[in-house]
Amino acid sequence: MSGTRKQHIYVMRELTRREIKRKYARSYLGIAWSILSPLLNMVVVTFMFSYIFSKGIEYYPAYYYIGYIVISFFSTSTTTAMTALYDNKNMMLKTKLPRRTFVLSRVYTALVNLGFSCIAFIFIMVVLKIPVTWMILLFPVDVFFLMIFSMGISYFLSIWYVFFRDLKNVYSIIMMVVTRFAALFYSVDGLAPGVSRFISFNPLYTYVKIARDCIIYGKISEPQYWIQMVAWALGIFFLGRLIFNKKENVVMEKL
Amino acid sequence: MSQGQKKDKNDIRKTDIKQYWFIVRQMASREIKRGNTSKILGQMWNILMPFISMLIMAILFATVFNRDIKGFMPYVYTGTIIFGLYNSGMGSALHALVNNKNLLIKTKIPTNVFIIEKVYVAMIHFLFSLVGYVVILIITGTRVGPAVALAPLGIIISIFVIIGIGKILAVINVYFADIQYFYKVIMRLVFYGSGMFFDVGHVSPAMAKVMGFNPVYLTIHFERQCILYNQIPDPMIWVKLIVYAVVLYILGSIIFNRGTQNVLAKI
């Protein structure tokens with residue numbers, strides 16, 4: 001049992017390696033882009049918005065950076081996982097690997113990217129002189145639940161995509177709503193009460209908020225967010241897994 | 001080259017242009033069909049996507065900036081569809097040469113066609129999004145005046161800007177693939193710096209200066225003036241946009257023609 005498990009993990013790492021290689025196939029800087037692009041984005045947004053939106057936000061560049069990398073992790077993992085089953089048709093028919101592996105390897109790839117982006121954050125903390133507290137240890141917990149959440153969504157999307165190719169368009173609309181209402185570059189404080197309430201229930205905002213609070217501001221978020229963090233992750237994960245197990249054979253026939 | 005050969009070349013050119021245009025349309029229709037995978041919704045996405053995108057931004061930023069949502073919708077919409085035109089035109093031109101490797105090697109289609117085709121597809125998507133735009137103008141009771149006749153001019157000028165930049169990007173991408181990532185970052189700067197949801201008055205003076213040189217912002221401002229406010233766009237905007245179009249188009253063509261000669265070897 002543990003032997004096959006090891007094998008699966010090995011396969012997943014190989015798939016991930018392939019994925020990353022392919023993504024940066026022709027590029028000179030390669031994986032360094034995982035560090036560079038959020039950094040450049042932060043510079044751009046800070047330059048633009050330090051005037052309009054930064055009022056009342058301490059360490060604005062860091063505030064944006066954390067939000068950006070957390071949301072990019074979610075959006076790249078789920079959008080790439082959506083086509084995972086479809087893209088790996090041939091390999092799935094020929095091998096006996098559990099089909100989940102293909103979906104999970106996409107999420108794992110995004111996680112590796114997130115790791116690199118976090119390296120750059122150390123640099124930002126030094127430059128902005130953000131005090132480091134023990135609360136930073138809560139960040140991996142947040143990422144763990146975010147990953148579980150992303151897996152659940154990914155399971156669901158990868159199955160549905162086989163039946164409904166328009167899902168790409170539908171999902172990009174959903175992502176648009178969810179990311180615009182995740183307080184990426186503005187603060188929720190100035191908003192109308194209805195809108196800020198809506199944002200506070202947004203699962204992505206929950207993960208962003210907890211990450212910001214524990215890393216930048218050295219505090220623990222309100223219990224509401226911790227409950228949401230766990231509830232969203234577990235709820236979506238089990239639901240996604242359930243749908244995946246139920247439908248994976250139907251999907252194989254369809255492919 | 002002798003006089004006779006030159007004349008021959010001109011004759012060939014005329015029939016060629018017809019042929020090229022045919023190829024452009026064929027490639028474009030293939031691409032459009034492939035892009036919309038479902039038959040049910042098909043082209044509807046081209047109308048729906050920019051519409052929903054506008055709606056989200058309008059709702060969010062009307063609350064951030066305390067603006068009346070009704071007037072804000074056409075304001076934002078003018079911005080989002082023009083940004084969409086630039087972004088999809090330039091972004092797809094970026095991949096025009098690299099992704100058409102096979103066609104480039106196997107056929108004698110002039111390389112120009114690949115760029116024109118991408119911009120043509122972006123233009124068609126843009127025209128679709130206009131459907132939603134007109135609906136919003138009617139719903140919000142926006143009255144257009146005679147100045148609206150100038151609106152197509154602004155779009156035509158920006159097409160030249162897009163082709164020029166697109167050509168430069170496509171060539172660079174052959175030699176330096178990392179341009180894709182730079183492009184993404186720069187487009188984020190352009191995205192926020194084209195005043196889709198705020199006026200120049202809202203940003204820092206330094207930022208306002210930068211925006212004044214952003215062709216996307218200039219086009220958006222141009223269209224807002226003539227569609228929403230029934231004004232003739234400011235002379236400075238005309239000058240800047242036309243200079244951009246002429247300079248970028250010529251520069252792009254020169255770089256493209258020089259660059260593509262070596263492209264085949266490189267690919």
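In the predicted model, the contact between the two chains draws 26 residues from chain B and 26 residues from chain A. On the side of chain B that touches chain A, the elements giving two or more residues are α2 (44-64) and α8 (179-192) of chain B. Of these, α2(B) gives the most, with nine residues. By residue class, this side of chain B comprises 16 nonpolar, seven polar and three charged residues.

In chain A, helix α3 covers residues 60-82.

Chain B contains eleven helices and zero strands. Read from the N terminus, its elements accordingly follow the order α-α-α-α-α-α-α-α-α-α-α. Of the 267 residues of chain B, 38% count as buried. Among contacts in chain B with a separation of 6 or more, 78% are accounted for by residues 24 or more positions apart.

Two packing arrangements of helix α3 of chain B were examined. In one of them, helix α3 (residues 69-94) of chain B packs against helix α6 (residues 112-139) of chain B at an angle of about 165°, the axes being 8 Å apart. Since angles over 145 degrees count as roughly antiparallel, α3(B) is roughly antiparallel to α6(B). The crossing of α3(B) past α6(B) is right-handed. On the α3(B) side, the contact is made by M73(B), P74(B), Y77(B), I81(B), G84(B), L85(B), S88(B), G89(B), S92(B) and A93(B). The α6(B) side is formed by I115(B), K118(B), V119(B), V121(B), A122(B), H125(B), F126(B), S129(B), Y133(B), I136(B) and L137(B). The residues of the contact of α3(B) with α6(B) comprise 14 nonpolar, six polar and one charged.

The other arrangement pairs α3(B) with helix α10 (residues 215-228) of chain B, whose axes come within 9 Å and cross at roughly 140°. The two helices, α3(B) and α10(B), are therefore oblique to each other. Their crossing is right-handed. From α3(B), the residues P74(B), Y75(B), T78(B), G79(B), I82(B), F83(B) and Y86(B) take part. They meet V216(B), T219(B), I220(B), E223(B), R224(B), I227(B) and L228(B) in α10(B). The contact of α3(B) with α10(B) divides into nine nonpolar, three polar and two charged residues. P74(B) is listed in the contact with α6(B) and also in the contact with α10(B).

G79(B) lies in helix α3 of chain B. With 25 other C-beta atoms within 10 Å, G79(B) is buried, because the criterion for burial is 20 or more such atoms. Leaving aside residues up to four places away in sequence, G79(B) touches S194(B), G195(B), M196(B), F197(B) and I220(B). Of these partners, I220(B) is also among the residues of α10(B) that meet α3(B). T219(B), another residue of α10(B) in that contact, is 140 residues from G79(B) along the chain, and the C-alpha atoms of G79(B) and T219(B) are separated by 8.8 Å.

Technical notes:
Residues numbered from 1 in each chain as written. Chains lettered and ligands numbered in written order. Predicted model: local features only at pLDDT ≥ 70, side-chain atom pairs only at ≥ 80, totals over all residues. Contact = placed C-beta atoms within 7 Å. Helix = DSSP H or I, 4+ residues; strand = E, 2+ residues; numbered from the N terminus. Nonpolar A, V, L, I, M, F, W, Y, C, P; charged D, E, K, R; others polar. Expected span 1.5 Å × (residues − 1). Axes fitted to C-alpha atoms, helices over the stretch in contact; angles between N-to-C directions. Parallel < 35°, antiparallel > 145°, perpendicular 65-115°, else oblique. Left-handed = near helix turned anticlockwise from the far one by under 90°. Buried ≥ 20, exposed ≤ 12 C-beta atoms within 10 Å, placed from the backbone.
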